[in-house]
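User: I have a new model to go through. Start wherever you like.

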Amino acid sequence: MSSESLTKQTRTFRIYLDGLDKLPEHLKISDYSLIEQDADIALGTMKESVPKNVHGRSQKGQDIGILHPGIVYITTHKHLFNFAYLCQTDDVPSEILPQVIWALEWNVLALGEAPDEQLRSVGHILPHQHGEVARFARYFMSLNSRRKLCAHILKPEIDRPIEALRHMRAAIQADREQAERVGKTTDTWQGNPGLHIDYVVALARSRTDDAEAKVALSRIINEPLKNPQFASSHSAYSTVASKFYLARVLRRLGDTKEAQKLESWLVTWFRKNPMTIVGKTLRMWFSTDCDPSTDPVYTRLGGDEWLKGRTTTFKTAQRQTRSCRQCSASEPSITVFQCSRCKYIFYCSPECQRTHWPYHKEMCKERAESLKKVVEQRKVDPKAAKRSEDWIKWRDSNHVANNVCPMHALGLKRDPNRGATHIFVKNVEHVPDAADLLNRFVVVQAGVFKISDVQPDVEGILGLNKNELPEFMAEISAEFDAGPGKHNDRVGFFDLMFSHQPGVQAYIGYMGIAKTRLAHVPYDPDWRAMMNKNGNPPEAIQFVSGKKDAEHGITF
């Protein structure tokens with residue numbers, strides 16, 4: 001998937017397309033004033049008769065026959081159709097939602113019925129695309145249009161699940177046909193789990209066949225995904241969503257005892273993982289298909305008070321990254337255990353742990369020794385020991401300052417290769433009295449630099465000899481990338497952390513962002529605002545060499 005942020009005054013619109021690892025440069029959302037104009041005109045168009053005898057011409061001036069009505073609408077409302085197709089569903093303003101739904105419906109019809117030349121005339125098929133390539137272009141645009149259409153009509157303010165189910169069944173069929181053409185599995189759960197989950201949720205909410213919904217939801221819960229990339233990115237959402245809707249389906253089928261077991265599991269999971277499922281999704285879950293005032297899960301959680309009061313803590317942040325370092329399987333679909341020596345890496349089985357040990361042993365040894373030093377330090381200087389322990393946990397933990405912010409700052413969405421040529425740098429300060437470990441360090445300065453520009457600066461911070469940095473960084477990245485398949489499903493980047501305070505040892509890590517996550521999360525140019533949970537955004541870093549920050553060496 002791919003997305004991008006474009007801001008118009010106080011509005012932010014992100015481009016989101018399923019199936020793109022990298023966003024093409026030419027994809028842009030029109031100025032919102034133009035979209036609003038098209039949407040206003042569309043209100044009248046939606047009430048008029050469908051155009052039937054409009055002749056069209058290609059970009060070369062050739063007659064392309066009587067235009068499909070969808071092609072006519074795409075031509076006359078191009079800014080609205082462009083917006084409906086590209087914009088992430090969460091960002092669509094409610095005031096133009098009906099027009100966006102209308103545009104997507106006609107887009108789907110045009111892609112399914114209009115001839116190639118008419119689709120070329122509006123850019124849906126490019127001039128060089130013919131045969132199977134043109135067929136794939138139809139499939140790709142139709143699938144994205146249907147999934148967005150389904151997401152919109154399942155929103156609480158629309159809530160038309162039967163219509164959503166019709167579109168998802170058509171999307172599932174098209175996906176199976178495409179998979180068969182290219183020799184891939186036609187099992188959508190294993191081949192396209194995101195699409196499959198969308199379908200099953202629509203099925204459950206439609207209440208048209210609870211027996212089928214029970215089987216489909218149970219399969220998602222009980223059958224793990226075979227593709228490690230899918231397993232790591234879909235585990236939490238797919239498992240929780242499936243148990244959520246299966247509980248409701250079971251209640252409708254009269255199996256109250258099994259429904260109650262799932263509901264108890266959901267209450268416990270939501271309390272331990274309040275921020276894993278985003279707020280908009282939770283509001284949709286609890287406000288549709290059931291009265292929230294009587295929903296057994298929502299009421300036991302505390303209702304609106306719980307939903308509004310959710311917050312991220314160190315513990316909740318760490319739970320989100322509990323996945324097997326060897327095979328990428330993650331909670332809650334499976335249970336993982338922690339390496340007892342380093343207390344950092346997780347595995348799903350002794351077999352995975354043994355397989356990964358050759359690639360983990362050096363890092364395991366180093367971290368275990370660091371923890372041992374903390375224990376010894378605690379005997380002579382408890383305050384310094386606490387700072388060291390806080391530092392080890394904070395620098396190695398999963399939180400926005402260590403993953404999401406570097407991802408945005410480095411521009412990995414647009415150019416993943418910058419993770420190898422640039423480095424994210426942050427200067428931190430210890431806050432020993434902070435109640436939550438997540439807040440024990442604040443980032444006071446942060447920036448992005450080209451590694452070759454600041455090599456002497458970095459070597460000085462780390463205490464390395466002159467020209468030692470390239471070999472040092474190569475060893476770090478080689479250890480991270482080692483192991484079956486690890487280099488294929490992640491984008492790595494270097495992260496330098498240091499402090500001017502005594503007792504905080506400078507550290508350079510090689511982190512990784514799953515490619516699926518990189519595709520899902522929209523670029524946010526205002527990443528500094530989210531860096532510190534408590535405190536001000538970090539200022540720019542000024543190195544002794546005077547080298548300039550290279551964050552904006554890439555265009556979004």
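**Salt bridges, cores and a sheet**

Analyst: Arg252 counts as partly exposed, at 26% relative accessibility. The scale calls a residue buried under 20% relative accessible area, exposed over 50% and partly exposed in between, with a 1.4 Å probe and protein chains only.

User: What kind of model, and what are the ground rules?

Analyst: It is a predicted model, where local features need pLDDT of at least 70 and side-chain atom pairs count only at pLDDT 80 or more, while totals for chains, interfaces and linings use all residues. Residues are numbered from 1 along each chain as its sequence is written, and side-chain values use heavy atoms, with hydrogens and water left out.

User: Back to Arg252. What does it form a salt bridge with?

Analyst: Asp210, with the closest N and O atoms 2.9 Å apart. Arg252 is in helix α11 (residues 228-252) and Asp210 in helix α10 (residues 210-222), 42 residues apart, so the pair links distant parts of the chain. Helices are DSSP runs of H or I with at least four residues, strands are runs of E with at least two, and both are numbered from the N terminus. A salt bridge needs a side-chain nitrogen of Lys or Arg within 4 Å of a carboxyl oxygen of Asp or Glu.

User: Is Asp210 buried or exposed?

Analyst: Asp210 counts as buried, at 13% relative accessibility.

User: How many salt bridges in the structure?

Analyst: There are 28. Among them is Asp295 with Arg248, closest N and O atoms 3.0 Å apart. Asp295 lies in the loop between α13 (279-287) and α14 (296-301) and Arg248 in helix α11, so this pair ties together parts 47 residues apart in sequence. Asp295 is buried at 3% relative accessible area, and Arg248 is buried at 9%.

User: What about Asp396? Which residue is its partner?

Analyst: Arg367, with 2.7 Å between the closest N and O atoms. Asp396 is in helix α18 (residues 382-396) and Arg367 in helix α17 (residues 350-380), so parts 29 residues apart in sequence are tied together. Asp396 counts as buried at 9% relative accessibility, and Arg367 likewise counts as buried, at 7%. As for networks, salt bridges with shared partners join Arg207, Asp210, Arg248, Arg252, Asp289 and Asp295.

User: New topic. How many residues are in the largest nonpolar core?

Analyst: It has 91 residues, and those with the most contacts inside it are Phe83, Phe270, Trp285 and Phe286. Such a core is a set of buried Ala, Val, Leu, Ile, Met, Phe, Trp, Tyr and Cys residues joined through side-chain atoms within 4.5 Å. A second, separate core of 24 residues includes Leu410, Val428, Met497 and Ile513.

User: What does Trp285 touch?

Analyst: Its contacts (heavy atoms within 4.5 Å) include Phe270, Tyr237, Phe244 and Arg248, leaving aside residues up to four places away in sequence.

User: And the sheet: what is the strand order?

Analyst: The open sheet has five strands in the order β10-β9-β7-β8-β11, with mixed pairing. The edge strands, each pairing on one side only, are β10 (507-514) and β11 (539-540). Pairing requires at least two DSSP bridges between two strands.

User: How many bridges between β9 and β10?

Analyst: Eight, in the antiparallel sense, with β9 covering residues 490-498. Phe494 stands opposite Tyr510 in β10.
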